[in-house]
Amino acid sequence: MGHDSCGAIHEALNRPGEQEENSPNLNHLIHEIRNNLNSGPARTPLTELNLADAIQKNVSSVATDLTVRSKIIREAVKSGQVNIVQAQYGLSSGKVHFGAHEN
């Protein structure tokens with residue numbers, strides 16, 4: 001699940017190059033988000049992504065990565081015991097939107 005107005009995604013889109021802060025955790029998070037945004041067959045340059053599209057792409061990448069990184073989750077999904085559902089939380093509305101984002 002992602003959320004609108006995500007500061008980490010905004011930072012990944014707008015931080016120049018590989019600029020790092022004095023926070024190893026934040027640096028790692030920004031690196032992971034950039035990897036997510038650069039993954040998949042439709043690679044859009046970070047400078048061309050708007051925030052809403054970047055949030056959706058990150059949610060999609062994280063959902064896909066769950067089955068790549070975990071054999072247990074992959075097998076549970078394959079057997080139908082588990083379903084991975086993508087969602088975005090609207091901070092101002094308090095609503096959760098499942099599937100594709102809404103602008």
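Modeller: Let's start with Leu-91, which is partly exposed, with a relative accessible area of 45% (buried means under 20%, exposed over 50%, partly exposed in between, with a 1.4 Å probe and protein chains only). This is a predicted model, where local features need pLDDT of at least 70 and side-chain atom pairs pLDDT 80 or more, while totals for chains, interfaces and linings use all residues. Residues are numbered from 1 along each chain as its sequence is written, and side-chain values use heavy atoms, leaving out hydrogens and water.

Leu-91 sits in the loop between β2 (87-89) and β3 (96-98). Together with Met-1, Val-85, Tyr-89, Val-96 and Phe-98, Leu-91 makes a nonpolar surface patch of about 600 Å² (members have over 30% relative accessible area and no salt bridge, and nonpolar side chains are joined within 5 Å; a salt bridge is a Lys or Arg side-chain nitrogen within 4 Å of an Asp or Glu carboxyl oxygen). The chain exposes about 7,000 Å², with carbon and sulfur atoms supplying 52% (Shrake-Rupley method).

Now zoom out: the elements run β-α-α-α-α-β-β from the N terminus (DSSP runs: helices are H or I, at least four residues; strands are E, at least two). Of the 103 residues, 27% are buried. Helix α1 (residues 7-14) buries Ala-8, Ile-9, Ala-12 and Leu-13. These cover an arc of only 135° around the axis, so they lie on the same side of α1 (the arc uses directions from the axis to the C-beta atoms). Their cover includes α2 (24-37) and α3 (51-69), judged by contact, meaning heavy atoms within 4.5 Å.

Conventions. Areas by Shrake-Rupley, 256 points an atom, 1.4 Å probe, with all protein chains shown as cover. Patch = residues over 30% accessible without salt bridge, like charges linked within 9 Å, V, L, I, M, F, W, Y side chains within 5 Å.
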